[in-house]
Number of protein chains: 2
Amino acid sequence: MIKITIIGSGNVAQHLIDAFAKSNTVEIIQVFSRTQKNISVNLSSSKITNDWNALTQADLYIIAVSDDAISSVSSLLPFENRLVVHTSGSAALTSLDDKNRKGVFYPLQTFTKGKAIDFKNIPFCLETQSENDYELLEKVAQSISDSIYKIDSHQRKALHVAAVFVNNFTNYLYQLGSEICQENNVSFDILKPLIHETAEKLLTLSPKDAQTGPAKRNDISTIEAHESFLSNENQSTIYKILTQSIQNHGKKL
Amino acid sequence: MIKITIIGSGNVAQHLIDAFAKSNTVEIIQVFSRTQKNISVNLSSSKITNDWNALTQADLYIIAVSDDAISSVSSLLPFENRLVVHTSGSAALTSLDDKNRKGVFYPLQTFTKGKAIDFKNIPFCLETQSENDYELLEKVAQSISDSIYKIDSHQRKALHVAAVFVNNFTNYLYQLGSEICQENNVSFDILKPLIHETAEKLLTLSPKDAQTGPAKRNDISTIEAHESFLSNENQSTIYKILTQSIQNHGKKL
């Protein structure tokens, strides 16, 4: 068994603990949690510590804390030359303290508290400073996921920015759509099958080939009708900017 | 059996023909197609005509043509006082010629040529000028879908604008995400489970409650890092506008 220790007790840490609990090749030997709170039904409370000096020898330490805490947490570890990774999409590999061997173990997914996730399909983006450490990190990821990618820090940064577009910004467009429905007394539920199908289309079409709508076909009369329909300034601004961007797309490139 | 005639042979017309072919209560008696092309394996070629005067008596005529052709097509119909509906989300009920009884039969979904769709879950937004005609239109919709909504022209306009946000604009964000991946030599496939989960979350959370990311938590250092990462002007403009809009959301309202 590969012995791992999780540092942190937030959303990502808890989902990882639940996933590793089902693994036959990886064992969580300890979890560091400042608050000693109830972390997971899959974890014996005797494994939880809030004392840095109580951390025992593991093959891998996974720091699953907020981005701005990675640096300080990694410097607090009371040992050297062990493999220590963080789980962040945006933090640099170099944000980890130099005293240990560094790596990144980034599950590219949105985690909701209390909502179970099937890790098998979650892409893990892996990076290690030393090539020698890659194999172990890969084995750990493979024990919970079928989707493993070797991704360097620059690529990971690109993925993280792209994820903001397809996750955060997309969800914000859902929110604006939901507002428009509410303001006009129609149920947002009517749009949910469309939202689902828009995402599913990507399994068979590239987003470029899947693009439809008044902006794409330059349907000026529909665009004008929509713009005059939208009285909310924020909705109207976003509508205009995205419509123009779709209309001009490819022209400037 | 309720007898219906479909006018048009485009994407929506073809999907409707395939759906009604499986219905036990509705029968397609004719399809008007200018081009006489092969419309569907589920339709006998003897039912296809390109002669307006060959149209026989039906209980309902569904005009499934592009928005700007609805008016002229409806005025070409060589009969009066029958029930004639269009399938558009954005065209007014009044775009139909006055000589027949008017209605709207709007399936709110994105249709891809050649991709089968399960109509059972597609919301149909129905409207009739005369209350007397509503029941028939509802029966026709119920024969292929479990999701029927009575929606007036104003509500339908709102839904159509909202659909642009959650479908066209969202797909465009997928395209920008895909570009960022391509430009940095990482596979867009890595983002697909995230895209899927972002859409699925709406089944349990409102988009407002599901909103996450650097803009939402006002994480200035991540936002600045992303802005300096994006060298493409179009991507950078969209990033800034949407980030600001998320940051200010609710403040101005």
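## Close-up views of a predicted model

At 0% relative accessibility, A:F124 counts as buried, and this residue, taken from a model that is predicted, opens the series of legends below.

**View 1. An aromatic cluster in chain A is built around ring pairs that include A:F105 and A:F124**. Ring pairs link A:F20, A:F105, A:F111, A:F119 and A:F124 into a cluster, and a search of the whole structure, taken over all chains, finds 18 aromatic pairs. The centres of the rings of A:F105 and A:F124 are 4.8 Å apart and their planes stand at 50 degrees, so this pair is classed as tilted. Because A:F105 belongs to strand 6 (residues 101-107) of chain A and A:F124 to strand 7 (residues 124-128) of chain A, the pair ties together parts that are 19 residues apart in sequence. In general, the distance of the centres and the angle of the planes together describe a pair of aromatic rings.

**View 2. A:H15 is shown within helix 1 of chain A**. This helix comprises residues 11-21, and A:H15 counts as buried because its relative accessibility is 9%. A polar atom of the A:H15 side chain lies 3.0 Å from the backbone oxygen of A:N11. Leaving aside residues up to four places away in sequence, A:H15 touches A:F111, A:T112, A:K115, A:I117 and A:F119; of these neighbours, A:F111 and A:F119 also take part in the aromatic cluster of the previous view.

**View 3. Lysine 150 lies over the face of tyrosine 134 in chain A and in chain B.** In chain A, A:K150 is placed over the face of A:Y134, at 4.6 Å from the ring centre. In chain B, B:K150 is placed over the face of B:Y134, and here the distance from the ring centre is 4.5 Å.

**View 4. An open sheet of eight strands is seen in chain B**. The strands follow the order 3-2-1-4-5-6-7-8, and their pairing is mixed. Strand 3 (48-49) and strand 8 (148-150) of chain B are the edge strands, each of which pairs on one side only. Within the sheet, strand 4 (residues 60-63) and strand 5 (residues 83-86) of chain B run parallel and are joined by three bridges, and B:I63 stands opposite B:H86, a residue of strand 5 of chain B.

**View 5. Helix 5 of chain B is covered by helices that include two from chain A**. In this helix (residues 192-200), the buried residues are B:L194, B:I195, B:E197, B:T198, B:A199 and B:E200. What covers them includes helix 4 (153-183) and helix 5 (192-200) of chain A, together with helix 4 (153-183) of chain B.

**View 6. Chain A is set out with the span that UniProt lists as "domain: DUF2520"**. Chain A as a whole has eight helices and eight strands, and its C-alpha trace spans about 70 × 40 × 30 Å along the principal axes. Of its 253 residues, 56% count as buried, and among contacts in chain A between residues at least 6 apart in sequence, 51% join residues at least 24 apart.

Conventions:
Residues are numbered from 1 along each chain as its sequence is written. Chains are lettered from A and ligands numbered from 1 in the order in which they are written. This is a predicted model: local features need pLDDT of at least 70, side-chain atom pairs count only at pLDDT 80 or more; totals for chains, interfaces and linings use all residues. Side-chain values use heavy atoms; hydrogens and water are left out. UniProt positions are given in the numbering used here, feature names are shortened, and annotations may be inferred rather than shown by experiment. Helices (H or I, at least four residues) and strands (E, at least two) are DSSP runs, numbered from the N terminus. Buried means under 20% relative accessible area, exposed over 50%, partly exposed in between (1.4 Å probe, protein chains only). A polar contact is a pair of N or O atoms within 3.5 Å; within protein, one must be able to donate a hydrogen and the other to accept it, and residues adjacent in sequence count only if both atoms are side-chain atoms. Contact means heavy atoms within 4.5 Å. Rings of Phe, Tyr and Trp (its six-membered ring) pair if their centres lie within 6.5 Å; planes under 30 degrees apart count as stacked, over 60 as edge-to-face and the rest as tilted. A charge sits over a ring if NZ of Lys or CZ of Arg is within 6 Å of the ring centre and within 35 degrees of the ring normal. Two strands pair if DSSP finds at least two bridges between them.
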